Amino acid sequence: MSAPAPTVPPPVPIPETFFGRQSEGRAVILSARAGRSVVLVAPTGYGKSALLRELAPALEQLAATVTVPKVAPFGTFLVDLAEQLAAVPDFRLPESKHPDKKPLDAWKSAHKGTDARARSLVAALREYTQGGTAAPVVLVDDCTGITQSMVPHMLALAEVCSLVVAVQPDTMRKAGLSRFWGKCDRVDLNPLDRAEARELVDALTVKYNIVAEDMGAYKNRVLSLAEGIPGEAERLVRYVSTHDLVKPSDIGSSFAQQAAQREERGIALAPVLLVLSGVAMITKYVGLARGEMDMYLMGGVGIAVSMVALPFLRKLVMVR
Ligand SMILES: Nc1ncnc2c1ncn2[C@@H]1O[C@H](COP(=O)(O)OP(=O)(O)OP(=O)(O)O)[C@@H](O)[C@H]1O
Ligand SMILES: [Mg+2]
């Protein structure tokens, strides 16, 4: 008798952890597909690195894609880039005067100084693409440290690969970089919209096992404090205790409870206002009958006040 076939466990659904950014992602991919470089601009915590991570598999379908953490110091950037490129099939780091050494070490020994290293990498990338191979995509997770002296090398690299670099807005205003930015398509990241931010906060509360007395009030508080900035939402959920975020006065302030409270207040107020406007009307007519001007005026004012208060009462009880 043959052994029973091993039961294959059902695939575990991977929970969604990245939200929004469809149009920005599409823009990056379109530019990279056209072989152009891209600058991704947003303040800290807006999700530049997260978007690059998210896009890497799709970019990989277009061309060999490598990620380098930082552009500065430039010497380290070049070594990181060489190391990443060395792992790309068919890419050859130039110079093998030292066949006994590993390609990266041989390249470092043969090219001293940033100028020589930058030029040799540009040459190697050119050679790699000569056979018709798509130019690699180089993701630079943090390009905030870019300086004027790097620009000629970055421009040369942009000729032989698609650079996708992330910067904070201040970097765009640094002097001497405009020639490089002119070569890049610019993609700005804004805060997530309300629905995306809500999805993110829902996912974060699950990820970090958040238990709050009133989850509705807690999530609303995180949403309003984070203002659509994903890094801020993550910081609040991860590091700030639920007690510090939700004051006792906020508990029970989620929508349904607020609506119920408003309705209760409104219903309680209705008869009071009705009686007051009746009294005002009687006062007015008694004043008129007796010829007492003060009484007549008081009644009139009372009616006017109740007429103004009634629409407010309606608003108070209306469930939006
Ligand atoms: N669209 C998103 N969906 C879900 N999580 C996100 C999203 N964008 C960012 N995050 C999360 O927010 C946090 C901050 O994002 P990230 O580090 O990418 O910001 P950044 O713009 O690169 O900031 P910095 O300029 O400081 O490098 C990360 O934990 C990241 O996973
Ligand atoms: Mg980042």
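In this predicted model, an oxygen atom of ligand 1 and an N or O atom in the side chain of Ser49 are 2.8 Å apart. That pair belongs to a site whose shell counts 18 residues around ligand 1. Both domain 1 (22–188) and domain 2 (194–250) contribute to this shell, and ligand 1 therefore lies between them.

**Polar contacts of ligand 1**
- Besides the Ser49 side chain, which lies 2.8 Å from a ligand oxygen, the side chain of Lys48 places a polar atom 2.6 Å from an oxygen atom of ligand 1.
- Ala50 takes part through its backbone, with an N or O atom 2.8 Å from an oxygen atom of ligand 1.
- On its own, ligand 1 has 630 Å² of accessible area, of which the protein covers 78%.

**Composition of the shell**
- The closest of the 18 surrounding residues are Phe19, Thr44, Lys48, Ser49 and Ala50.
- Sorted by class, the shell holds seven nonpolar residues, seven polar residues and four charged residues.
- Helix α2 (48–62) and helix α11 (230–239) each provide at least two residues of the shell.
- With four residues, α2 makes the largest contribution to the shell around ligand 1.

**Location of the site**

**Backbone features in loops**
- The peptide bond that runs from Ala72 to Pro73 is cis, and its omega is near -5°.
- Pro73 is located in the loop between strand β2 (65–70) and helix α3 (74–86).
- Asn209 is not a glycine, yet its phi is positive, at about 50°.
- The loop that contains Asn209 lies between helix α9 (194–207) and helix α10 (215–226).

Note on methods
Residues numbered from 1 in each chain as written. Chains lettered and ligands numbered in written order. Predicted model: local features only at pLDDT ≥ 70, side-chain atom pairs only at ≥ 80, totals over all residues. Heavy atoms only, no water. Near = heavy atom within 4 Å. Polar contact = N/O pair within 3.5 Å; in protein donor to acceptor, adjacent residues only side chain to side chain. Areas by Shrake-Rupley, 256 points an atom, 1.4 Å probe, with all protein chains shown as cover. Nonpolar A, V, L, I, M, F, W, Y, C, P; charged D, E, K, R; others polar. Domains from an automatic or database assignment.
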